[in-house]
Amino acid sequence: MVIYLALGAAILALLVWSGRRPRRPGNQLRIAKALFAALVAAGAVAVGLRGEWMAGIALVALSTYLAHSARPRRDSAAPPGRSDVSMSLDQARSILGVGPAASRAEIDLAYRRLIVRAHPDRGGTSGLAAQLNAARDRLLK
């Protein structure tokens with residue numbers, strides 16, 4: 001019984017710790033969650049073989065949750081094709097926040113400033129990153 005309490009406290013501590021981190025999971029966190037999900041699944045099998053079905057079912061549910069949360073997220077906001085064809089110069093300027101007389105250096109600086117926040121690896125969406133890329137490409141052509 002004590003081992004279950006210790007295991008539950010460790011799982012709770014891990015979930016609280018991972019919940020306080022920024023919502024930008026990298027590969028290390030996803031791999032760690034997947035490995036922990038596999039470990040919990042193995043524990044569920046061991047507990048189930050000992051005849052403790054309720055604890056086994058709880059561990060299977062926890063393993064399923066961890067495995068699901070370890071999967072990379074896919075954003076549905078990404079455009080299916082290139083969107084810079086239909087983007088006007090005014091739209092591109094407003095997306096990047098530059099004026100009509102902006103130089104190449106100003107456009108690059110505005111793009112870098114925005115893509116740092118909007119990149120999918122940094123917690124942004126792929127749709128917004130695609131719009132920024134399309135706006136930069138449209139203005140630099």
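**Close-up views of a predicted helical chain**

**View 1. Nine nonpolar residues, one polar residue and one charged residue make up the lining of the second largest pocket.** In this classification, Ala, Val, Leu, Ile, Met, Phe, Trp, Tyr, Cys and Pro are nonpolar, Asp, Glu, Lys and Arg are charged, and the others, Gly among them, are polar. The model is predicted, with local features requiring pLDDT of at least 70 and side-chain atom pairs pLDDT 80 or more, while totals for chains, interfaces and linings use all residues. Residues are numbered from 1 along each chain as its sequence is written, and side-chain values use heavy atoms, without hydrogens or water. The second largest pocket has a volume of about 190 Å³ (the space filled by probe spheres set on grid points, which are joined across faces, edges and corners). A pocket is an open set of points on a 1 Å grid over the protein atoms alone where a 1.4 Å probe fits, with protein on both sides within 12 Å along at least five of seven lines; lining residues have an atom within 4 Å of a point. Ile 3, Tyr 4, Leu 7, Phe 36, Leu 39, Val 40, Gly 43, Ala 46, Val 47, Arg 50 and Leu 59 form this lining. At least two lining residues come from each of helix H1 (2-20) and helix H2 (27-49), and H2 gives the most, with six.

**View 2. The chain has six helices and zero strands.** Helices (H or I, at least four residues) and strands (E, at least two) are DSSP runs numbered from the N terminus. The order of elements from the N terminus is α-α-α-α-α-α. Of the 141 residues of the chain, 26% are buried (under 20% relative accessible area; exposed is over 50% and partly exposed in between, with a 1.4 Å probe and protein chains only). Among contacts (heavy atoms within 4.5 Å) with a separation of 6 or more, 62% join residues 24 or more positions apart.

**View 3. The largest nonpolar core holds 15 residues, and Leu 96, Val 98, Leu 132 and Leu 139 have the most contacts inside it.** Helix H4 (89-96), helix H5 (104-118) and helix H6 (126-140) each supply at least two residues of this core, with the largest share, six residues, coming from H5. Another core, of nine residues, lies apart from it and includes Val 40, Ala 44, Leu 59 and Leu 66. A nonpolar core is a set of buried Ala, Val, Leu, Ile, Met, Phe, Trp, Tyr and Cys residues joined through side-chain atoms within 4.5 Å. Leaving aside residues up to four places away in sequence, Leu 96 touches Ile 107, Ala 110, Tyr 111, Arg 113, Leu 114, Leu 132, Ala 135, Arg 136 and Leu 139.

**View 4. Three salt bridges are found in the whole structure.** A salt bridge places a side-chain nitrogen of Lys or Arg within 4 Å of a carboxyl oxygen of Asp or Glu. Arg 93 pairs with Asp 90 at 3.3 Å, N to O; the two are three residues apart in helix H4, and therefore separated by about one helical turn. Arg 93 is buried at 18% relative accessibility, whereas Asp 90 is exposed at 58%. Arg 136 forms a salt bridge with Asp 137, also at 3.3 Å; Arg 136 is partly exposed at 21%, as is Asp 137 at 24%.

**View 5. Glu 52 and Arg 50 form a salt bridge whose closest N and O atoms are 3.8 Å apart.** Glu 52 is partly exposed at 28% relative accessibility, while Arg 50 is exposed at 60%. Arg 50 is also one of the residues lining the second largest pocket.
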